[in-house]
Amino acid sequence: MALVHYFFGSKPKLFAASVELPIAPHRLTALLASQPSAPGEAMARYHLEHLFVERRDAITAMLRAGLGDPGCVPALRALIERTMVSSTAEMLGGERADLRAELAGALMVGLFVTRQIVAVQPLASAPIDEVVRLVAPALDLLLGKVTGPLDRARADK
């Protein structure tokens, strides 16, 4: 404990220095840009087929550390906002891009927790294609340009 304080000042500062996001922000924006007509499918499929499989342990550790110690929450929040949300929002553009980017990320975190950590059925064992088919429209709504799905949702009210 003395070494943590000597080198980092506090446990939350150690967490901030050691945490690494499971996906680089530029990789996420490139992924979304690669399929502008179906960003939700691209995002869901990438998370379910690759990220949740290849980085499962790292994501689980980051969530447990960040949420298990209230002192680490500000560092985790700042990291997510500074990297994932800001770069995705910039790529999305349009009305409330920051909120839409954050909601899409929250949907993916919820999907990870429910499917990978808690293993709630039937989601935990559902085929990836079925999960993608069901979640992609919600992600398309959030990730679409304001002239796309968001306007249609507003018009349906």
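I began with the contacts between helix 3 and helix 4. On the helix 3 side I found Arg27, Leu28, Leu31 and Leu32. They meet Pro39, Ala42, Met43, Tyr46 and His47 in helix 4. I noted that this is a predicted model.

Next I looked up the geometry of this pair. Helix 4 covers residues 39-54. Its axis and that of helix 3 come within 8 Å and cross at roughly 135°. I therefore logged helix 3 and helix 4 as oblique to each other.

Then I turned to helix 6. Which residues of helix 3 meet helix 6? I listed Pro25, Leu28, Thr29, Leu32 and Ala33. Their partners in helix 6 are Thr83, Met84, Ser87, Thr88 and Met91.

Helix 3 spans residues 25-34 and helix 6 spans residues 73-92. I read an angle of about 30° between them, with the axes 9 Å apart. An angle under 35 degrees counts as roughly parallel, so I wrote down helix 3 and helix 6 as roughly parallel to each other. Helix 3 passes helix 6 in a right-handed crossing.

Last came helix 5, residues 56-68. I checked its length. At 1.5 Å a residue, its 13 residues should span 18 Å. The end C-alpha atoms are 17 Å apart, which agrees.

Which residues of helix 5 are buried? I found Ile59, Thr60, Met62, Leu63 and Gly66. They cover an arc of only 165° around the axis, so they sit on the same side of helix 5. On the other side, I marked Asp57, Arg64 and Gly68 as exposed.

Definitions and conventions. Residues are numbered from 1 along each chain as its sequence is written. This is a predicted model: local features need pLDDT of at least 70, side-chain atom pairs count only at pLDDT 80 or more; totals for chains, interfaces and linings use all residues. Side-chain values use heavy atoms; hydrogens and water are left out. Helices (H or I, at least four residues) and strands (E, at least two) are DSSP runs, numbered from the N terminus. The expected span of a helix is 1.5 Å times one less than its number of residues. Buried means under 20% relative accessible area, exposed over 50%, partly exposed in between (1.4 Å probe, protein chains only). The arc is that of the directions from the helix axis to the C-beta atoms. Axes are lines fitted to C-alpha atoms, for helices over the stretch in contact, and angles run from 0 to 180 degrees between N-to-C directions. Angles under 35 degrees count as roughly parallel, over 145 as roughly antiparallel, 65 to 115 as roughly perpendicular and the rest as oblique. A crossing is left-handed if the near helix is turned anticlockwise from the far one by less than a right angle, and right-handed if clockwise. Contact means heavy atoms within 4.5 Å.
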